[in-house]
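Opened my notebook to look at how this chain is put together. I'll jot things down as I go.

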Amino acid sequence: MLALDLATWLFWYESFVGSCFGMAEHDWPIFGKDGPFIFQIFSLKQASQPVYKAMVALLLISFTLLSLNQPGISLQQRQQLQSFLLPNQCNERCGSFHVPFPFHLNASCVSVSKDFHLSCLNSTTLYLHIGIESYRILEFFSDGILVDFPGNSICRQYNDLNAFDFAGNDYFGISADNVLGLYDCEDSSLCKANCETNDLPGCDGNNGGSLACCYPLSDHSIWHSGERFSSFSKFGCRGFSSWVVPQGTNTGKRGVKLEWAIPRNKSEGVCARNADMVNATTVEAGVRCSCQDGFVGDGYANGSGCLKSCIKEGQEAYAEECDSPKHSKRKLVIVAGVLAPVFILASLVLFLCILKRPVKPGAFDQDQAHYRSTISFRKACRTRLFSYRELDEATRAFEDGQKLVDGTNGTIHAGVLGDGSHIAVQKVQCENERDLIHVLSRIELLSAVLHRNLARLVGCCIDSGYTLMVVYEYPANGTLEDHLHNSKGQNFGLDWYKRLSIAAETASVLAYLQYEISPPIFHHGLKSSGYIFLDVDFSVKVAGFGLLSSSFGEGANSCNNSESHHIHKMDVYDFGLLLLEIISGSKYSVMPSEALQKIKSGKLEEMVDPSLYYHEQPVFRREQIEIVADIATRCLLFGGDGKIGMIDVARELVHTAKESIDGGSKRGPALEETFSNSSLLQMISMSPDSIHVP
């Protein structure tokens, strides 16, 4: 029993106790959000409160006794200590800043180079001096410093490209952790969609909103280490802002992060004992020191060095403390070894008593315990694991009045959790364990994608049997279907501008998933507008992905590549049906040929939603409706053959939506052919019978 380690204990803890009951995360504060997942899955259904409390108390005492014999320091604790910036040997301060090694204020303070000398103005503000420029320091990092633009006394939304005219030297370089917001660029090809999901505050500290053009320096496709920010002028950009977004987060801090390093040819004897030398990222031929596993500190011989770390008598200990006599601890371990089995046996007795109690219908299922404790389920549901009871109460027992959509990708019900947050629950019915594992892997892939037009995954839950429930955040404005068909009693319809924006945003996020994500992600069911949620600004949030399809997330090297290509084409076809619904306010999923026949006969106005008042629209708006009808027609005729891709559809819709914002009626080069003489008449001259219908 003395040899029982923490990992073995947690395995027993989850397997036996977790199979009896479960609790929400907040019920176990001593474990925090990283505690055993099994307690976040199930709800207490069988044990009475007195028995439950007694069992919990015994288990916690047993766990505490066993934990007293755990040597060493955890990886998480070690990382926290290593990330803490220790002050330099002179213990220098300036305002709220502790100056960390190798930076220094006093020239007599030991460092590695005078290039790390700082100045403190009015005992409050730190400055780094490089050449003739002075940079105000905003924050220290273990590998760099966050600085303001030189000479800036006020925050500016955008700065001139030459306002930060520094490319790098032997000790400092512009960090790849910076994310730029570029202003008024003539060539938008450098703009990257994958950084738009970052939370980048404005000058007032609040969220700055969406950037017109966003570029992360970590992309390295346009900007390279050693280049100045002025290099973006070749794209016609006139200004920029900068934020640092630390790795593993999506929250930015205004300023420019500079990475620091020591030239390799001057690094002899710099690193302390038990430290390794690591290469810098953006400082050419630069290195830093990092303590080895089992040691903490800054890693420098003239800094705090590397101290041995351990756990002694339940407390963190360092250096010689780790090697001191352990007689008192040995006695405590012997006592723990005697008492722990007693408490564990008592827990098992209570566990067996619980098992003998009558089990209510719908109570815990052993198969569910297996699935819910699998690595796949934990990785897929990386956010929150709901109990069935929570979702049942939130959706009023999944009553029909809460149903948003019942499509090929499963049913989705709206609900409200106990804390007042609105959710949408997608039920996915699996046939067997293989299907269940397949869906879990798809959820894991989808939850790793961040995009402003994707509905956020809140969590998931396994019902009895093989029913999996995926929980999305449900915005306040309902679904596109609600607004197109007034199914929820809206007293106003969608104007054409909103409809065009919705179409462009939906096509853009689908194109992003298919062309920017590897392996690509397909939706499989957008013929239903119920899968498109709308927030208060009528911005799109796509949900309800077909998680059971075997080609979801399969790349070009998949053994099922032909089916993946087929689904890619079906997404384009389904989007054509969605465009018809946006134009007409009616569903044409069963008979799309009817809509195409009206277009062929020159009767487009007959199928346009009456609430749009087609004949009262200005000429350029009527032309836009015709363009979207043209795109829908091509999606239906050629989407099934792969002759038009989602990237082509998105490009045309975004171009058309931009014209709507500009208020112009001229069409760009991509849409030079007009409705009257374009390929639309050629396409609709084909027999409706030749239309590809899945």
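I started with a sheet in this predicted model. I found an open sheet of 4 strands, in the order β9-β8-β10-β11, with antiparallel pairing. β9 (214–216) and β11 (253–254) are the edge strands; each has a single partner strand, so one side of each has no neighbour in the sheet. Next I checked how β10 (residues 239–244) meets β11: they pair in the antiparallel sense over 2 bridges. For V244, the bridge partner in β11 is K253.

Then I went for the disulfides, and the structure holds 6. I looked up C185 and C237, whose sulfur atoms sit 2.0 Å apart in a disulfide. The torsion about their S-S bond is about 110°, so this disulfide is right-handed. C185 is in the loop between β8 (178–183) and β9, while C237 is in the loop between β9 and β10, 52 residues apart. Is C237 buried or exposed? C237 has 6% relative accessibility, which is under the 20% cut-off, so I noted it as buried.

Another disulfide joins C191 to C213. Here the S-S torsion is about -110°, so I wrote down left-handed. C191 counts as partly exposed at 23% relative accessibility, whereas C213 counts as buried at 4%.

Last, the cores. The largest nonpolar core has 81 residues, and Y472 and L653 have the most contacts inside it. Helix α10 (residues 496–515) gives the largest share of this core, 11 residues. I listed what L653 touches, including L500, A503, F575 and I631. Apart from that core lies another, of 48 residues, with C213 and Y215 among them.

Technical notes: Residues numbered from 1 in each chain as written. Predicted model: local features only at pLDDT ≥ 70, side-chain atom pairs only at ≥ 80, totals over all residues. Heavy atoms only, no water. Pairing = 2+ DSSP bridges. Core = buried A, V, L, I, M, F, W, Y, C linked by side-chain atoms within 4.5 Å. Buried < 20%, exposed > 50% of the residue type's maximum accessible area, 1.4 Å probe, protein only. Contact = heavy atoms within 4.5 Å. Disulfide = S-S within 2.5 Å. Lists of a residue's contacts leave out its neighbours within four places in sequence.
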